[in-house]
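Visitor: Hi, could you walk me through this one? I'd like to hop around a bit.
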Amino acid sequence: MNIVKHISITRFLAQVVFLLLPTSIVVLFILWNSHHYFTLLQDAWLTQTIYFSVGMFIAFLLAQFRFRFLPIFAALLFALFSMYKLLDNYAIGEFDSFFISVQFMVFAWLFTAGWICGWGLQRYSFFPVILSGLLLILCIILIAKTGNLTSAERLIQYLSPVVLYSIYIVYTNESLRNTEHTSGRFWWRFSKRLIAFCSILLLLFGGILYLMYPEISERVEEYGGGGKDGENQMLETKKDGTVENRESMGMEGHNQRDKNPEPLFCAHIDNYLPGSEIPNPLYLTSFHFTKFDTLTETFERDTALSFSDEFKPDPSKIQLFSTYKDSSRIRNGFSSAHRKTVEVEIYKKRLSPSAFIAPSTSYWVQPITVEREFQKEFSSAYRSKSYVSDLNSAYFIYNSDNPEIVQFQKHRFDELRKAKGYEDVDPTFMSYYTFFPSASQYGKIKSLADSLAAGKTAAIDKVLSIRDYFLARNALGEKTFSYTDNPGVPGLPGASKLMYFLFESKKGYCAYYAGATVFLLRAMGIPSRIVTGFLTVDRSDKNTGWYWFYEDQSHGWVQVYFPEYGWIDFDTTVGNDDAQQSPKPDGTPPMQPPNPVLAVGGEISSIDTAKKIAGLHLHDMIFKDVEFKNLNTDITLDLKVANIWKDSLPLSIHQLLKGEKIMAVSYAEKLKAFSPEKSAVTLLKKLPSLIPIDEVYIKSMDEKVKKEEVTSKLHERPYSYYIKLIAIIALAILLILFSIPTIVYRWYRFKIGRTTNSKEQAYYIYRTATFLLNQLQVDRLQMTPWQFARQVVDLKYGTRFSEFMNVYLKVKYANQEPTERERQMITTFYPVFESTIRSHFKTGKRIVRFLNLNTFIRYYQLPEPEITS
Amino acid sequence: MDTILNETSMEETSTEKIERLILNMEGVIRGKREQIKQVITCLLAKGHILMEDNPGTGKTVLARTLAGSIAGEHTGNATFKRVQFTPDLLPMDLLGTHVFDDSKKEFIFKRGPLFCNVLLADEINRASPKVQSALLECMAEHQITMGEMTYKLEKLFFTIATQNPIEMEGTYPLPAAQLDRFYMKIHFGYVNEDTEMDIYKNYLHISHNLEQIHQVLTLEEVLQLQQQAEDIFVHDEIVRAVSNLVRSTRNHEGITLGASTRSGITFLKCLKAYALVNGRSFVIEDDVNDIAMAVLDHRMMYKNKEAKQNALKQLLTKEMDRLSKLKLF
């Protein structure tokens, strides 16, 4: 006998819509994620999902018709194999056949995977568990492979669809298998369950994420590596979207550089090779990392260091044209030979306004204005002065062919060989900068250092030996050390990343090379530290001295101390041979504003728009870079040629108001003749009584602060604002939802009072009464309303409901008009009935039952027939 | 006996008459008000009734009580005949036969038990199909044709057939077409515990009641009531409900043979009579709910046992839900 299982089209459709479709979507998501990293997939994630889905659907359909798995699967494999053979024979050319067979392989794998999925989903109730487990594993492998997990958001973004899918598919599969489908209400019942389940799932998931987000991101930061927002290990993105160097440097196993093709800033470095016109780019330093945390293997700043030469002003907090100077930095730099002052101007684009970077050793900063036509491009600018060694240069990694540079390299090493030993250096300084962790695991570094330094006396030679160690090639002429942004982490948890890099993987980015170098140097007894900042790349000779900086130029390197010569930059990171990006272009450098002779700040005490003269109550003054503060005199400004600015908007003199705080700048030639005096009073006496002014900046510091707050708030929005908004909307929807039964009841009640037609009135009383009883969970079961009234309501609550029902049914079905007594019954029935029913239910119980949406829905639903089997 | 008849005045309403009949029957048959009502419904709808249940549940007593409650034209009681159907029963045992009258030298027709007002066809499914069909034809035509002669049955001819469950041995199931002739098929069922206790305590009294049954209605009154039942008002929506129910049985996947149009008409007739039995001059939705199963169930052929139990209930629930939510103004 041939047993044919009855195939329900409804159930089949439901399975296709609720099981296969979501599976396809999740597969689409995974393919879409992986196509970023596997070129094999060739970006055709949509087509590939279709392969998978078609395979799944066909298998599902065949399984529905009870085909046996093995013969059908064998047929599939045979079909795929013969298709492959066909392709192999007919493809023209070697390239084509390779190309097509790769595509075919992808197709075959996906189709087969889909096939198995479809078959499993149809045949086995436990299959979704296996499937979701496999998908989760796949997802985790994907995250691990790409190493792209650097923040909690990423984690959630990658994992949550698959996690949600897993729970969904298991539940849906189960309930699809368990739902009776004998009636037409299958869809309704099923979707009701599904919607309830999904909303609970989402609420739970969202709630957990919302509440636990800080913890999750903390954990991810701790174990997943990276920071909260960026992927670049050397940079961090601030809330306002600007970028700054990080304040610590670890070896995280991966480094995502080059996120944004926009340059960060441009710099004008006024430095040349000694005795020539060839520009000598310098490294721009941001932070000094002098400490090492052995536990986390992180290099850290030491802000408590008494002899620090790290100069960290905040240019955004210094008044325009004011100068801030700290000569103790030069003192702490302990250098005297071959030093000179170099001026560097930084024009910031995306670099944080508060960031300060300059060649070491910097000691002076002055925020300057950006010329009008460049203001759109550059947000702010400052000038800095650094006490720089002649021997310092960014030319340590590029071995330029230029003979003059080769000559210079040779010269600087020769010069540094003359440096004295470290015997006379302050022992505190020496012990601090040569501190080497005593942990035994670093002993191997010590022995490597000893072998490298063997036979070398001069510190510079030891430094060069480390550089040569990194650049060494093996017997086959292959480089032993290479550059990678994804060096990975050692397989053993807790193993030293530094040791892993130096002795095993030999691959890494700047943090690894700098870290290893500093360890080797300190093992050799040479005082050294890590600094971070930006490496200057000399790409153009069009604009001498102008350099452009992109995100991938954020860098970490080593500074070595030589007695008398001070700290000198050495970058031991090997070049990245795999880098295939075209060199980034230099932009048009901004026009440098003339150096102001005089800048005065104060309040306008009087203004004469006709003569274009303004009186100023002077607070502070800068004359030829000499600053005079806390002045309290009045001067007169000549504004005939002055441009007036407020927040980079030009104003006319009429808009200048009395009492406004301004900063007035003068480039006047005739003021250049005066020399800065010791006292402001004597200087002001010498200056002409009517001081010519070229530019007036109206200060709006308060507004500026406010603006910053607004922008930072705007950027905070995605994290809390939208979540709150969604929460409020969800709450409102919930509130409305739960008050629906009450609203509907009130509406029916209102309808009773509204009509005078006894037929209509009777209908609404009937509806209201049954609604009330239903909502109070007095179950009608399979009874007709009349039976219900007689057998339940009247018996239980002592009402006259059946009497009313008699009248109502008569009014409804009879061809007679109701009698006067019956009319009376209709009009007086409801209030009494309602109060009687109410008296049987406590207020709290009534409220709770009126919140129950399930009973509400049941009122409008077909009562479930009693099924006996 | 007669005193009771005399006391009833002509102004007595039909409701009171029916109530009297019911009460009278309830004196003998305890705890079966709904079944009594259904039997009276069939009587008033000019139909016949089939009762299916195990032996000893009171089917015969009910039939006897009904017959005893009605006063006949000529004799004291309405004529009540009982035929026990057996496999060897022949049609002429029912209809009657021509016998030769020696004195007149001709064949005269000797009337069978069919010529009566209330016929109890006991265990109808034990007789051969031949006998069954002979009976059912008379039920439909109200007349007997024997050779050239046609004999009219009584004006009031009401058959109460009883049947043991088909599963019992030695039974011939009634053909579907013949089942259709019965307006209703009701299940008698056992009485509940209290009633059963009551019956045991008073069985002597009850059997006495059966002997001494009062005649509460005349044959004429029954015929009048039958006429009144036809005048009961049926709302269009009730008609629609009947139509919906009947039609939906034809499309249900669990039902292989649905209800016919004739069964729809029967349904309407029964509804009217049932409303009258309940003392109403109009049909309400509850009437549909109360008798739908009894009217329709035995006309249907089901795919399986599960469908037999649920299919019609399902359709009825749906239709009743529609009616209960109907806005009629």
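Guide: Happy to, and please keep in mind that this is a predicted model. Let's begin with A:Asn632, which is exposed, its relative accessible area being 59%.

Visitor: Why does A:Asn632 count as exposed?
Guide: Exposed means over 50% relative accessible area, and A:Asn632 has 59%, so it qualifies.

Visitor: Where in chain A is A:Asn632 found?
Guide: Look at the loop that links strand S20 (626-628) to strand S21 (633-638) of chain A.

Visitor: And which residues is A:Asn632 in contact with, leaving aside neighbours within four places in sequence?
Guide: Those are A:His617 and A:Leu618. With A:His617 there is a side-chain polar contact of 2.7 Å.

Visitor: Switching to helices. What can you tell me about H18 of chain A?
Guide: Helix H18 of chain A covers residues 758-775, 18 residues in all. From first C-alpha to last, H18(A) reaches 25 Å, close to the 26 Å expected at 1.5 Å a residue.

Visitor: Is H18(A) mostly covered or mostly open?
Guide: Mostly covered, as 17 of the 18 residues in H18(A) are buried.

Visitor: What happens at the ends of H18(A)?
Guide: The N-terminal end is capped by A:Asn757, with a side-chain oxygen 3.0 Å from the backbone nitrogen of A:Lys759. Just after H18(A), A:Gln777 has a positive phi of about 60°.

Visitor: Which residues of chain B have a positive phi without being glycine?
Guide: B:Lys46 is one of them, with phi of about 60°, and B:Lys105 is another, with phi near 60°. B:Lys46 sits in the loop between helix H3 (33-44) and strand S1 (49-52) of chain B, while B:Lys105 belongs to the loop between strand S4 (96-101) and strand S5 (106-111) of chain B.

Visitor: Are those two buried or exposed?
Guide: B:Lys46 is partly exposed, at 38% relative accessible area, and B:Lys105 is exposed, at 59%.

Visitor: Back to chain A: what is the strand order in the open sheet with S3?
Guide: The order is S3-S7-S6, three strands with antiparallel pairing. S3 (248-250) and S6 (291-293) of chain A are at the edges, each with a single partner strand, so one side of each has no neighbour in the sheet. The twist averages 25° from one strand to the next.

Visitor: How many bridges join S3(A) to S7(A)?
Guide: Three, with S7 spanning residues 298-300 of chain A. You'll find A:Met249 opposite A:Phe299 in S7(A).

Visitor: Which helix lies across S3, S6 and S7 of chain A?
Guide: That is H14 (residues 510-523) of chain A, running at about 75° to S7(A).

Visitor: Where in chain A is a cis peptide bond?
Guide: There is one from A:Ser360 to A:Thr361, with omega near 5°. A:Thr361 is in the loop between strand S9 (339-348) and strand S10 (362-368) of chain A.

Visitor: Last topic: how much area do chains A and B bury between them?
Guide: About 2,600 Å², with 56% of it on carbon and sulfur atoms. On the chain B side, B:Phe282, B:Lys325 and B:Phe329 lose the most area to chain A, together 22% of what that side buries. In terms of contacts, 28 residues of chain B touch 30 residues of chain A.

Terms used
Residues are numbered from 1 along each chain as its sequence is written. Chains are lettered from A and ligands numbered from 1 in the order in which they are written. This is a predicted model: local features need pLDDT of at least 70, side-chain atom pairs count only at pLDDT 80 or more; totals for chains, interfaces and linings use all residues. Side-chain values use heavy atoms; hydrogens and water are left out. Helices (H or I, at least four residues) and strands (E, at least two) are DSSP runs, numbered from the N terminus. The expected span of a helix is 1.5 Å times one less than its number of residues. Buried means under 20% relative accessible area, exposed over 50%, partly exposed in between (1.4 Å probe, protein chains only). A polar contact is a pair of N or O atoms within 3.5 Å; within protein, one must be able to donate a hydrogen and the other to accept it, and residues adjacent in sequence count only if both atoms are side-chain atoms. Two strands pair if DSSP finds at least two bridges between them. Axes are lines fitted to C-alpha atoms, for helices over the stretch in contact, and angles run from 0 to 180 degrees between N-to-C directions. Contact means heavy atoms within 4.5 Å. Buried area is the accessible area (1.4 Å probe) that two parts lose on being put together, summed over both.
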